[in-house]
Amino acid sequence: CRQDYPDNLEVRAYFIEQAIGEADFARLGELVERLPPAADEDARFWRYRGTWLDSQQRFEEALAAYERSLRRHPLDWKTHHELAGVARI
């Protein structure tokens, strides 16, 4: 699917969620860094960026990514949960 639909956000989200579930942060980083511009408008992808940045101990950047995600989708409980973890550090 990634080859047939390289800019499809749902396909990308599937593979990113899989990398997160497997704690494969190297793969997550590769996927996040190659997102199409349309992903900037989708809150999930800012959360994914935050997760990757958090795994790299880039906490200030992760915090900013989570906050940007919440500006797009204020009720996303996953982002609130991740944000709380980074804010405690």
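This is a predicted model: local features need pLDDT of at least 70, side-chain atom pairs count only at pLDDT 80 or more; totals for chains, interfaces and linings use all residues.
Author: Local features need pLDDT of at least 70 and side-chain atom pairs 80 or more, while totals for chains, interfaces and linings use all residues. Residues are numbered from 1 along each chain as its sequence is written, and side-chain values use heavy atoms, with hydrogens and water left out.

Reader: How many aromatic pairs does the structure hold?

Author: It holds two. Rings of Phe, Tyr and Trp (its six-membered ring) pair if their centres lie within 6.5 Å; planes under 30 degrees apart count as stacked, over 60 as edge-to-face, and the rest as tilted.

Reader: Why is the pair of Tyr14 and Phe15 called edge-to-face?

Author: The ring centres are 5.1 Å apart and the planes stand at 85°, so the pair is edge-to-face.

Reader: What makes Phe45 and Tyr48 an aromatic pair?

Author: Their centres lie 5.3 Å apart, and with 85° between the planes this pair is edge-to-face. The two are three residues apart in helix α3 (residues 43-55), so about one helical turn separates them. Helices are DSSP runs (H or I, at least four residues), and strands are too (E, at least two), numbered from the N terminus.

Reader: Why is Tyr14 called exposed?

Author: Its relative accessible area is 52%. Exposed means over 50%, buried under 20%, and partly exposed in between (1.4 Å probe, protein chains only). So Tyr14 counts as exposed. Phe45 and Tyr48 are buried.

Reader: What sits over the ring of Trp46?

Author: The charged end of Arg49 does, 4.1 Å from the ring centre. The rule asks for NZ of Lys or CZ of Arg within 6 Å of the ring centre and within 35 degrees of the ring normal.

Reader: How do you know whether Arg49 is buried or exposed?

Author: Arg49 has 14% relative accessibility, so it counts as buried. Leaving aside neighbours within four places in sequence, Arg49 is in contact with Val32, Leu35, Ala39, Asp40 and Ala65. Contact means heavy atoms within 4.5 Å.

Reader: What is the span of α3, and what is expected?

Author: α3 has 13 residues and reaches 19 Å from its first C-alpha to its last. The expected span is 1.5 Å times one less than the number of residues.

Reader: What makes α3 mostly covered?

Author: Ten of its 13 residues are buried. Those buried residues pack against α1 (9-21), α2 (25-33), α4 (59-72) and α5 (77-87).
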